[in-house]
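Here's a quick briefing to read alongside the model. Have the viewer open and follow along.

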Amino acid sequence: MSTEAANSPPTSAPAKDQTYPLSQKLNISFSALEDRLIVRADRMQTEPVIMLFTRRMTLLVLQQTIARLPELSALDKTPAAYWQEVLQMAHQQAMQAKTDADKTVAAAKQLDAGDADKPKPTSDEKQSIYLATELTVQVNRDHRLTLAFRGLRMPDAMTEARPHQPLLAIPLTVDNVHQLIELLIVKCQEAQWHLPLDLPWLSPPAASSAPTGGIVLAH
């Protein structure tokens, strides 16, 4: 397990044992006003949370997930010369799976829209907002990548010293990791951040393979 902070130099020291609320879905958008990525997430057995990603945190997430793709894809013991083609195919398959899932969700929403008796969820529920400051990455034995975030509550931490709090942990399959990487790249392009990235596939994915929405759903 490795821990790296967004507001301090990266470190390989393990994080102290902490309990993180689990999440199964990240909804990511870009705020031009804040110049941040806005990550909304439901959490099990607690209230939803909003995390703000700076450019540095976004780059950190991308670097850490991309670096672990060979291990997640069981390529870590294979010569690197064979990685690119395999990872490119895996990325294309993951994006196709995302497209198929988006179509299923869209069809379900159309059915829900036709149900006039179904109560509509309230959208005015107050959510806690945190600046994401620390990322912990762990590869599990079942080849799932778990991302855990800590952060500072806003706007309190802007004027007062506050502790970094565990925000959420989300376990991701290999497909989910590819989808998250693609989504973050799309949002960085939207933000015009021009982050330096070394993608492990032969060529950038075509625009048509980009996620239709800003959601990564873990499964």
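**How α1 meets α5**

Helix α1 (residues 55–67) and helix α5 (residues 174–191) have axes that come within 10 Å and cross at roughly 150°. Those axes are lines fitted to C-alpha atoms over the stretch in contact, with angles running from 0 to 180 degrees between N-to-C directions. This is a predicted model, where local features need pLDDT of at least 70 and side-chain atom pairs count only at pLDDT 80 or more, while totals for chains, interfaces and linings use all residues. Residues are numbered from 1 along each chain as its sequence is written, and side-chain values use heavy atoms, with hydrogens and water left out.

**The helix pair**

- The crossing of α1 past α5 is left-handed (the near helix is turned anticlockwise from the far one by less than a right angle).
- On the α1 side, Thr58, Val61, Leu62, Thr65 and Ile66 meet Val177, Leu180, Ile181, Leu184, Ile185 and Cys188 of α5 (contact means heavy atoms within 4.5 Å).
- By class, that α1–α5 contact has 9 nonpolar, 2 polar and no charged residues (Ala, Val, Leu, Ile, Met, Phe, Trp, Tyr, Cys and Pro count as nonpolar, Asp, Glu, Lys and Arg as charged, and the others, Gly among them, as polar).

- Thr65 sits in α1 and counts as buried because its relative accessibility is 0% (buried means under 20% relative accessible area, with a 1.4 Å probe and protein chains only).
- A polar atom of the Thr65 side chain lies 3.1 Å from the backbone oxygen of Leu62.
- Beyond its neighbours within four places in sequence, Thr65 is in contact with Leu145, Leu147, Val177 and Ile181.
- Gln64, also found in α1, is buried with a relative accessible area of 11%.
- The side chains of Gln64 and Arg68 are joined by a polar contact of 2.6 Å (a pair of N or O atoms within 3.5 Å, one able to donate a hydrogen and the other to accept it; residues adjacent in sequence count only if both atoms are side-chain atoms).

**The core and the whole chain**

- The largest nonpolar core has 38 residues, and Phe53, Met57, Val61, Leu135, Leu147, Phe149 and Leu168 touch the most other members (a core is a set of buried Ala, Val, Leu, Ile, Met, Phe, Trp, Tyr and Cys residues joined through side-chain atoms within 4.5 Å).
- The largest share of this core, 8 residues, comes from α5.
- Overall, the protein has 5 helices and 8 strands (DSSP runs numbered from the N terminus: H or I of at least four residues for helices, E of at least two for strands).
- Buried residues make up 42% of the protein's 219 residues.

Key. Buried means under 20% relative accessible area, exposed over 50%, partly exposed in between (1.4 Å probe, protein chains only).
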